[in-house]
Amino acid sequence: MKKYKTGRETKENIMEAARELFYEKGYKNTTYNDICEKANVNTGTFHYHFQTKRKVAGIIYNNFMFNIKEETGKLISSKYENDLKLCTALEITNYMNLFFSDDHVKTFFYDLYSDNIPLEYALNIMENFFQLHVEAFNLRFERVYIKKMAATNLGMEQALIVNYCSGYLTLPEQQIIDYDIELTYAQMNIDHQEIERIIQKAQELGPQIKLKHVDYFKVEPLNC
């Protein structure tokens, strides 16, 4: 039991060190040695628990996205009716606002998307997202089409983030958020008027369902 606890604590310690370093320095500028030194482990221990730096970054990215989803959901359920499409639009709004407002988050996301890490580690999560909508709204999509939507959606977000950071995409931030929401639901053949309703409602509720970054890729409600 003691050995298990020590291994678990070591793994968590490596993850915490990586989260802090990726936030402060970015993914690309953080080395294996940086993580090992901060976590006080050797490279063999690092590779035993995580194999690669990419895997650590993928886990941190997915955990961050889940944290945004969870906290957004809590705010909606405590104040407004449960609307899956609206909830998703507000998750996208919070995700993009955290990206726009924090240069450290911006650098981390740019590094990951430039290296295709979300496409490697988040496809299953995106696939589950579309499957949830297919079941909730009785959409007649086969599994292969759901996979296509998942890959396309992640590719779209990659293009938005990379081209915004490179300076190619100079649209106002709200337009980028709205476009992200629009494309997400257009893939599911959701009626255009319904998409406009979702976007408008998300804009109205956005200030009340807002999150803030508090601690190395962790978030909490803005007014808590």
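Let's start with Asn189. Asn189 is exposed, at 58% relative accessible area. Where does Asn189 lie? In the loop between helix H10, residues 173–186, and helix H11, residues 192–205. Phi of Asn189 is near 60°, a positive value in a residue that is not glycine. As background, most residues other than glycine have a negative phi. Keep in mind that this is a predicted model.

Asn40 sits in the loop between helix H2, 32–39, and helix H3, 43–50. Is Asn40 buried or exposed? Exposed: its relative accessible area is 71%, and the cut-off for that class is over 50%.

One more loop asparagine. Asn82 lies between H4 and H5. Asn82 is exposed, with a relative accessible area of 72%. Take a distance from there. Asn82 and Ile198 are 116 residues apart in sequence. In space, C-alpha to C-alpha, Asn82 and Ile198 are 13 Å apart.

Now the helices on either side of that loop. H4 covers residues 53–79, and Tyr61 is in it. Tyr61 is buried, at 3% relative accessibility. The cut-off for buried is under 20%, so Tyr61 qualifies.

On to H5, residues 84–101, which holds Thr93. Thr93 is buried, with 9% relative accessible area. Which residues does Thr93 contact, leaving aside those within four places in sequence? Ile177, Ile181 and Ala202. Go back to the helix ranges for a moment. H10 runs 173–186 and H11 runs 192–205. So Ile177 and Ile181 fall in H10, and Ala202 falls in H11.

Step back to the whole chain. How many helices and strands does the protein chain have? There are 11 helices and 2 strands. The C-alpha atoms fill a box of roughly 55 × 40 × 35 Å along the principal axes.

Packing and surface. Buried residues make up 46% of the 224. Take the contacts with a separation of 6 or more: 69% of them join residues 24 or more positions apart. The chain exposes about 11,900 Å². Carbon and sulfur atoms supply 49% of that area.

Charges. The protein chain has 26 positive and 31 negative charges. Their mean positions are 7 Å apart.

Last, confidence. The mean pLDDT of the protein chain is 91. Of its residues, 95% reach 70 or more. Where does pLDDT stay under 50? Over residues 1–5. For residues 1–5, the model has 0 contacts beyond four places in sequence.

Methods:
Residues numbered from 1 in each chain as written. Predicted model: local features only at pLDDT ≥ 70, side-chain atom pairs only at ≥ 80, totals over all residues. Heavy atoms only, no water. Helix = DSSP H or I, 4+ residues; strand = E, 2+ residues; numbered from the N terminus. Buried < 20%, exposed > 50% of the residue type's maximum accessible area, 1.4 Å probe, protein only. Contact = heavy atoms within 4.5 Å. Areas by Shrake-Rupley, 256 points an atom, 1.4 Å probe, with all protein chains shown as cover. Lys, Arg positive; Asp, Glu negative; His and termini not counted. Charge placed at Lys NZ, Arg CZ, Asp CG, Glu CD. pLDDT = per-residue confidence, 0-100.
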